[in-house]
Amino acid sequence: MVSAAQTKFGRLKGLTLREIFGEAVDKATIHSDIPKEDIQAAFIGTFIPEMLVHQGHTAPLLIDFAGMRGIPATRHEAACASGATALRSAIMAIESGLYDTVLVAAAEKMSSVSTNKATEALAAAADDKFESSMGLTFPGVFGIAAVSHMEEYGTTEEDMARIAVKAHKNASTNPLAQFQKPISLEKAMDSRYIAWPLKLFDCSPISDGGAALVLTSNEKAKEYTDTPVKIAGTGQASASMNLCDRAHLTSFDASIAAGKTAYEMADLGPEDIDVAVVHDCFTIAEIIASEDLGFFEPGHAVDAIRDGETELDGSKPINPMGGLKAVGHPVGATGVKQIVVIYKELLGEAGKNQVPNHDIGIAHNFGGTGASSVVTIMRRYDA
């Protein structure tokens, strides 16, 4: 990986989907001294532009607007994991020898519709027959997971609130975050319930945003930069869409399987990871993901949170830029943005959000209720 960039996340009033996408691509190419003419193919992540901006067939439209008309461009859709699956395909295309240099880019424009319409659109990522049509929303799904975790391990509402406080603290020094104000534990605890036991500050927001990466072969990387970041491992797995078919609700099988594949490919383990970004669409999701990836034994992530281990300066920093929870969650773009965060952290370019140790990082992105999961392990060029 020789370039990575994102737009500001938030409610980007006045900007269209194509303009957000084009800004992200420009920042990852021409603003990073990478000629667009060198890009041989594009792998694009968006989730539901048909429902949010009434636009399908987005890959040729977006790549044309970005000034790269004519190159192969393919859209990848896996709900909130759309961006990460686009990255997976790009990796395989380079490893196969089909291309040398490719673009991975993703964008979503969610604020163009009302909150009710956005919620309805997001429900398309769940099992419609058994869940969405019965009235189960995503706050409801993760509320059920939270209740299971509370009953089995004793996790509390305050533990989840501490995740929100950490996210907003980290995002307060991230100029590209949607929310840039720290919150107190009392404020998080006093916010209204959305789906018990999850409160307002346990939920990620509706957001607009885009992100882009440039990947190239090991042989050509030095033509673009002296400090490339290597993708050491990648894993992807799937699981049942509806919760009824799952043996347990305190972990996500697809995340565990995807992590195992990525660790084996990288010949690394959880103990080797210096910095992690995990899919914290809800605060309980960060707790579960940090256990699914093996950082902590099941039921013990909350101990690490209480002890400050996952803080920016902790022994296992998680979501150092603020996560989905406070940076924002434009669903199709999130998986690529997570890679941007790890890229910046590994190169020591994260500014006030820089973690002290930054040789190896991991990104975890899942879609819907965890039916799709992608894990990517990255290593700094000299590590």
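**Entry 1: sorting residues**

I count Ala, Val, Leu, Ile, Met, Phe, Trp, Tyr, Cys and Pro as nonpolar, Asp, Glu, Lys and Arg as charged, and the others, Gly among them, as polar. I keep in mind that this is a predicted model.

**Entry 2: the largest pocket**

I looked up the largest pocket. Its volume is about 800 Å³. I found 33 residues in its lining. Pro139, Cys203, Ser204, Pro205 and Ile206 lie nearest the centre of this pocket. Which elements give two or more residues to the lining? They are helix H5 (115-122) and helix H6 (138-153). H5 gives the most, with four residues. I then sorted the lining by class. There are 20 nonpolar, 10 polar and three charged residues.

**Entry 3: the second largest pocket**

Next I turned to the second largest pocket. I noted a volume of about 480 Å³. This pocket is lined by 21 residues. Closest to its centre are Glu95, Thr216, Asn218, Lys230 and Ile231. At least two lining residues come from each of H4, S7, strand S8 (229-238) and helix H9 (253-266). Which element gives the most to this lining? I found S8, with five residues. The classes here are 12 nonpolar, four polar and five charged residues.

**Entry 4: closed spaces**

I also checked for cavities. A cavity is a space where a 1.4 Å probe fits but cannot get out. I count three cavities of 30 Å³ or more. The largest cavity has a volume of about 50 Å³. Its lining includes Arg246, Ala247 and His248. Ser251, Phe252, Asp253 and Ala254 line this cavity too. Ala239 and Gly370 complete the list. By class, I get four nonpolar, three polar and two charged residues for the lining of the largest cavity.

**Entry 5: the sheet**

I traced an open sheet of five strands. The strand order is S1-S7-S4-S2-S3, and the pairing is mixed. Why is one side of S1 and of S3 left without a neighbour in the sheet? Strand S1 (3-6) and strand S3 (73-76) stand at the edges, and each has a single partner strand, so one side of each has no neighbour there. Neighbouring strands of this sheet are turned by 15° against each other on average, direction ignored.

S4 covers residues 101-109, and S7 covers residues 208-216. The two run antiparallel, joined by nine bridges. In S7, Gly209 stands opposite Glu108.

**Entry 6: helices on the sheet**

Helix H3 (residues 58-65) packs on the sheet. I see H3 touching strand S2 (41-45), S3 and S4. The direction of H3 makes about 125° with that of S3. Helix H4 (residues 82-95) lies across S2, S3, S4 and S7. I noted that H4 runs at about 160° to S2.

**Entry 7: a charged pair**

Side chains of opposite charge can pair when their charged atoms come close. How many salt bridges does the structure hold? I count 14. I picked one of them to look at. Asp26 forms a salt bridge with Lys36. Their closest N and O atoms are 2.6 Å apart. Asp26 lies in helix H1 (residues 17-28), and Lys36 lies in the loop between H1 and S2, so the pair ties together parts that are 10 residues apart in sequence.

Technical notes
Residues are numbered from 1 along each chain as its sequence is written. This is a predicted model: local features need pLDDT of at least 70, side-chain atom pairs count only at pLDDT 80 or more; totals for chains, interfaces and linings use all residues. Side-chain values use heavy atoms; hydrogens and water are left out. Two strands pair if DSSP finds at least two bridges between them. Axes are lines fitted to C-alpha atoms, for helices over the stretch in contact, and angles run from 0 to 180 degrees between N-to-C directions. Contact means heavy atoms within 4.5 Å. On a 1 Å grid over the protein atoms alone, a cavity is a set of points where a 1.4 Å probe fits but cannot get out, and a pocket is an open set with protein on both sides within 12 Å along at least five of seven lines; lining residues have an atom within 4 Å of a point. Grid points are joined across faces, edges and corners, and a volume is the space filled by probe spheres set on the points. A salt bridge is a side-chain nitrogen of Lys or Arg within 4 Å of a carboxyl oxygen of Asp or Glu.
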